Amino acid sequence: MSRDGDAFDMLLTEDRRFPPPEGFRERAVVSDPDVYEDAERDFQEYWAAWAEELDWFEPWHTVLEWTPPHAQWFLGGRLNVAYNCLDRHVNGPKRNQAALIWEGEPQDERRVYTYWDLHREVCQFANALKGLGVGRGDRVAIYLPMIPEAAIAMLACARIGAPHSVVFGGFSPESLGDRINDAGAKVLITADGGYRRGQVLPLKAAADKAMENCPTIEHCVCVARGFGLSKVSGVHMTGGRDHWYHDLIADASADCPPEPMDSEDVLYILYTSGTTGKPKGVVHHTGGYLTQVYATTKVVFDLQDDDVYWCSADVGWVTGHSYIVYGPLANGATVMMYEGAPDWPHRGRFWEICEKYGVTVFYTAPTAIRAFMKWGEAFPDQYDLSKLRLLGTVGEPINPEAWIWYHNVIGGGRCPIVDTWWQTETGAIMITPLPGVTATTPGSATLPFPGIEAKILNDEGEEADAGYLALTRPWPSMIRTIWGDDQRFKDTYWSKWPDTYFTGDGAKRDGDGNLWVLGRVDDVLNVAGHRIGTMEVESALVDHPAVAEAAVVGKTHDVKGESVASFVTLKDGIEGTDELVAELKQHVVDKIGAIARPETVIFTGALPKTRSGKIMRRLLRDIADGRAVGDTTTLADPEVVMSLKNRYEEEGKI
Ligand code: ATP
Ligand code: MG
């Protein structure tokens, strides 16, 4: 069946509004609503003013050259990203301020790097990389756990102009090998292992396996994560190819002049999380990227000098690149970094960390919030979260009930929530509340960031109240191409309408003019001619007090085209009975209408998710239609799909 078509049906209404709290607005980095109009007057000037806050070795001569679909920003300008993240703070009052506070999964492990410490180690490692023959333009693959060396390695690459390709440490040797080969990386940086739920993930062993099929790799650098000498000596090091990080650092000079990079030189390649299919090697450049991550970090997270900022993403995802490393450090922030799982050794671990370090700004994903909801309030309630003043989410639409839970239980009812919509391809936040300006609505990412233009379009490219989310004007941190495949870049994002970026997401605009992301266009349900976004039906299910998480998909139906199949995770301690099935179906009808009534409700302890925690609905569609399950290589836990498939076959053919 065709998944194309015009508008979406709009089902969910939400009338709760949360204006910025009074005390918040007064102190906010941006509190003047005119900021939007000011940026609209000349969006290029607006971005140029932000770029001027960075340190440039050479000024640019042209702000933007736009030959669709290729944009260039700050042409002629020269700068270095590591210099902007480190040197300019080291040369000022932040020299001895904590740049990175790291806590290991074992609760007694902690390291703190001041800006000066970080600068020194980045320079040393940059020199070490040069010693291995890495130069400007050479690609370096990074496959590390959440340890400070991950940020150090990224910044060291940036310092010498070598594009990095960070691969999430949970990926298999095959996935790592594919990414290394696609990027043609010369060096791989890994670790002996990393902690995850008390277990040691054997990263070097996985890297060794990957490197068997990676002819471009000349050297491998291995960080000793610190499991004690006995375990470290068990790691196999291949003579001539493999080097210990600490040995390289010990011999390296801390004097490493930053490479003056062209604004349009490649900063990094990053493969998308693969929710819809084969990951794409998204290419980001230097000047425009840094400008937008710098500006959005400052404004959206309202960074103040005394903040302790924590983004719980992994550095292996774009959120980690832009909002753990480059954006916060370019702003001179104090960044919290945590190695392990949120439920290790107990389900209050995140809140323990917030209390211990006095975290003030916290940014996480809806998948994590729904897990916290499932576990219950007793865990956060044990900790003092009163220092928190701003909360954020990214990665998926947030169901309004999860938003409210986050607001009340974690934010104590006093913290604004910034629901930020963006993608690996956009590089930086695009649609978001401004915490000192915007009255938020649970479930809506609200408005484009100043200077950004987003529209809802139909197939013909005309504006609609509901339809496809499109970006209709270039932005500084936009994807420049797909590595090695410019045709795929054009086909994927620029072929739907002329000169307009297709996001792949569906969206609607509510009566206040706020934008709602309704889910991926590929996941849209088509029930009796109604096009229904997954977000609204899932939100109706999550609205029921027994439900923690839900995924809905279209199941082929003779009469209606598709019917709604739902997969539901209940809060801890709640039984999935037949009565509850009936109640949930009715709840959806009451909340958003009979058209969205689920025909099946399957209870499950877990939903199939990518390694970044996003629900993979295409696999659920395969299950619902009784097809062979498609590609599962980007799944976090393929077992979940197989057991669901078996369960569905037993119970689901109702
Ligand atoms: P792939 O493109 O390989 O299928 P992916 O789209 O999951 O993977 P990312 O770039 O990590 O890779 O995710 C971006 C997508 O995440 C967006 O297109 C959107 O679907 C979803 N998303 C991110 N933030 C939000 C948000 N605040 N609200 C709604 N959806 C969001
Ligand atoms: Mg995507």
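Modeller: Happy to! A word on names before we start: helices here are DSSP runs of H or I with at least four residues, strands are runs of E with at least two, and both are numbered from the N terminus. Please also keep in mind that this is a predicted model.

Let's begin with your ligand. Ligand 1 is surrounded by 21 residues, and the closest are Thr272, Thr275, Thr276, Thr424 and Lys614. Sorted by class, this shell holds 9 polar, 7 charged and 5 nonpolar residues. Several contacts reach oxygen atoms of the ligand. From the backbone, an N or O atom of Gly274 lies 2.8 Å from an oxygen atom of ligand 1. From the side chains, a polar atom of Arg520 lies 2.9 Å from an oxygen atom of ligand 1, and a polar side-chain atom of Lys280 lies 3.5 Å from an oxygen atom of the ligand. As for how much of ligand 1 is covered, it exposes 640 Å² when taken alone, and the protein buries 94% of that.

Next, the empty spaces. Rolling a probe the size of a water molecule over the atoms shows where empty space is left. One such space is the second largest pocket, with a volume of about 350 Å³. Its lining is made of 20 residues, and those nearest its centre are Asp178, Arg179, Tyr271, Lys278 and Pro279. Helix 7 (residues 173-183) gives the most to this lining, with 5 residues. By class, the lining of the second largest pocket has 10 charged, 6 polar and 4 nonpolar residues. Domain 1 (22-54 + 76-260 + 289-451) and domain 2 (524-650) each supply at least three residues to that lining.

The structure has 4 cavities of 30 Å³ or more, and the largest cavity holds about 60 Å³ of space. Its lining is formed by Arg370, Glu396, Pro397, Asn399, Met535, Glu538, Ala550, Ile615 and Arg617. These residues divide into 4 nonpolar, 4 charged and 1 polar. The largest cavity lies between domain 1 (22-54 + 76-260 + 289-451) and domain 2 (524-650), because both give residues to its lining.

Last, the backbone. Most residues other than glycine have a negative phi, and most peptide bonds are trans. Three spots in this model are worth a look with that in mind. Pro68 and Pro69 are joined by a cis peptide bond, with omega about 0°. Pro69 sits in the loop between strand 1 (62-67) and strand 2 (70-75). Another cis peptide bond runs from Trp344 to Pro345, where omega is near -5°. Pro345 belongs to the loop between strand 17 (334-338) and helix 13 (349-357). The remaining spot is Thr446, a residue other than glycine with a positive phi, near 65°. You will find Thr446 in the loop between strand 20 (417-419) and strand 21 (454-457).

How values were computed:
Residues are numbered from 1 along each chain as its sequence is written. Chains are lettered from A and ligands numbered from 1 in the order in which they are written. This is a predicted model: local features need pLDDT of at least 70, side-chain atom pairs count only at pLDDT 80 or more; totals for chains, interfaces and linings use all residues. Side-chain values use heavy atoms; hydrogens and water are left out. On a 1 Å grid over the protein atoms alone, a cavity is a set of points where a 1.4 Å probe fits but cannot get out, and a pocket is an open set with protein on both sides within 12 Å along at least five of seven lines; lining residues have an atom within 4 Å of a point. Grid points are joined across faces, edges and corners, and a volume is the space filled by probe spheres set on the points. Ala, Val, Leu, Ile, Met, Phe, Trp, Tyr, Cys and Pro count as nonpolar, Asp, Glu, Lys and Arg as charged, and the others, Gly among them, as polar. Domain bounds come from an automatic or database domain assignment. A residue is near a molecule or strand if one of its heavy atoms lies within 4 Å of it. A polar contact is a pair of N or O atoms within 3.5 Å; within protein, one must be able to donate a hydrogen and the other to accept it, and residues adjacent in sequence count only if both atoms are side-chain atoms. Accessible areas come from the Shrake-Rupley method with a 1.4 Å probe; for residues, only the protein chains shown count as cover.
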